[in-house]
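Please find below a colleague's note on the model, arranged as numbered points. The sequence and coordinates are shown first, and the comments follow.

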Amino acid sequence: MKNKSNKIGRNALCPCGSGKKYKHCCRNSKKEISVKETYKQQYDIILKTPKQVEGIRKAGVLLMQIMAGVEKMIAPGLVTEEINTFVHEQTIRAGTIPAPLNYRGFPKSVCVSVNEVICHGIPGEKVLQDGDIVNVDITPVLNGYYADASKTFFVGTPGPDAKKIVSIAATSLKKGIQAVAPGATLGDVGHAIQSYAEGKGCSVVREFVGHGVGIDFHEQPQVLHFGSPGKGVVLVPGMVFTIEPMINLGKKELHVLPDKWTAVTNDGSLSAQFEQTILVTETGYESLTPYDL
């Protein structure tokens, strides 16, 4: 991806957040505004260079190779610690490091979240059972660049509730990604997800959101999976962030277990999540961790 210009178009929304067109707002100031400088100063968002994008893309290729290996493992009787061992060994073998390991005290190299676990499940002695659903969230760091993605898998033969929530969660991510384009807003992304998921009778988790990624594990902006059209930061080429809606079959309320990581639904309902790392391009978007939805 190469930016055609490092200046803001006259008719684009002004990045200062005023809601006005650039030509009627900051374009009239004495100092011409650089998009890259403005986004860093105004939002602490790092617009990625083509070299940085390529580094993130390569990390994404590795991530999806590891994820494909995980998918082959998923079966009744698998212990979640075995997923952690596989992801850790594959990551180290590739000359990279697993970002989750020791991140703010997280004890494992991957998050594995089963059934009512919304996110941040800690791999351990839990044995996967026929009919379970399991989300695996992987983040390798390759040559200093981070890529982040997750998928929810069926274990054995899924029941109707499992089929429903996994389908809705996958389509929620697809709707969010399709809302990404230069000139759109983060509110457009959140609204696309929320309106779809709630329209199907499910709920959207509020406490955990997507985030900028690439040079660090978690960067600005925060990417809410709910919102209003036209609100929030205007998307511009070079932004890289995750979209990772967590969708519950029941109500949205949750609590975190005493381990201080594992988030679960209050009502015990199933929760599913899909996540990809997305680049805003000149004409739309590119997934740097692509898979079919």
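1. Strand 10 supplies the largest share of the lining of the largest pocket, namely 3 residues. Strands are DSSP runs of E with at least two residues, helices are runs of H or I with at least four, and both are numbered from the N terminus. The elements that give two or more residues to this lining are strand 4 (133-138), strand 9 (210-212) and strand 10 (219-223).

2. On the basis of the note: this is a predicted model, in which local features need pLDDT of at least 70 and side-chain atom pairs count only at pLDDT 80 or more, whereas totals for chains, interfaces and linings use all residues. Residues are numbered from 1 along each chain as its sequence is written, and side-chain values use heavy atoms, with hydrogens and water left out.

3. The largest pocket holds about 580 Å³ of space and is lined by 26 residues, with Tyr-103, His-120, Val-209, His-211 and His-218 nearest its centre. A pocket is an open set of points on a 1 Å grid over the protein atoms alone, where a 1.4 Å probe fits, with protein on both sides within 12 Å along at least five of seven lines; lining residues have an atom within 4 Å of a point. The volume is the space filled by probe spheres set on the points, which are joined across faces, edges and corners. By class, the lining has 10 nonpolar, 9 polar and 7 charged residues; here Ala, Val, Leu, Ile, Met, Phe, Trp, Tyr, Cys and Pro count as nonpolar, Asp, Glu, Lys and Arg as charged, and the others, Gly among them, as polar.

4. Two backbone features deserve a check. Gln-220 and Pro-221 are joined by a cis peptide bond, with omega about 5 degrees, and Pro-221 belongs to strand 10. His-120, in the loop between strand 3 (117-119) and strand 4, has a positive phi near 65 degrees. Most residues other than glycine have a negative phi, and most peptide bonds are trans.

5. Is Ser-113 buried or exposed? Ser-113, in strand 2 (residues 111-114), is buried at a relative accessible area of 3%. Buried means under 20%, exposed over 50%, and partly exposed in between, for a 1.4 Å probe and protein chains only. A polar atom of the Ser-113 side chain lies 3.1 Å from the backbone nitrogen of Gly-121.

6. The largest nonpolar core has 63 residues, and those with the most contacts inside it are Met-239, Phe-241 and Ile-243. Helix 4 (residues 160-178) gives the most to this core, with 8 residues. Another core, of 11 residues, lies apart from it and includes Ala-99, Val-141, Tyr-146 and Leu-288. Such a core is a set of buried Ala, Val, Leu, Ile, Met, Phe, Trp, Tyr and Cys residues joined through side-chain atoms within 4.5 Å.

7. Ile-193 is found in helix 5 (residues 186-199) and counts as buried at 0% relative accessibility. Beyond four places in sequence, the contacts of Ile-193 (heavy atoms within 4.5 Å) include Ser-172, His-225 and Ile-243. The C-alpha atoms of Ile-193 and Ala-169 are separated by 9.1 Å, at 24 residues apart along the chain.

8. Ile-46 lies in the loop between helix 1 (35-43) and helix 2 (50-73) and is partly exposed, with a relative accessible area of 28%. Ile-46 and Glu-219 are 173 residues apart in sequence and 8.1 Å apart in space, C-alpha to C-alpha.

Methods:
Polar contact = N/O pair within 3.5 Å; in protein donor to acceptor, adjacent residues only side chain to side chain.
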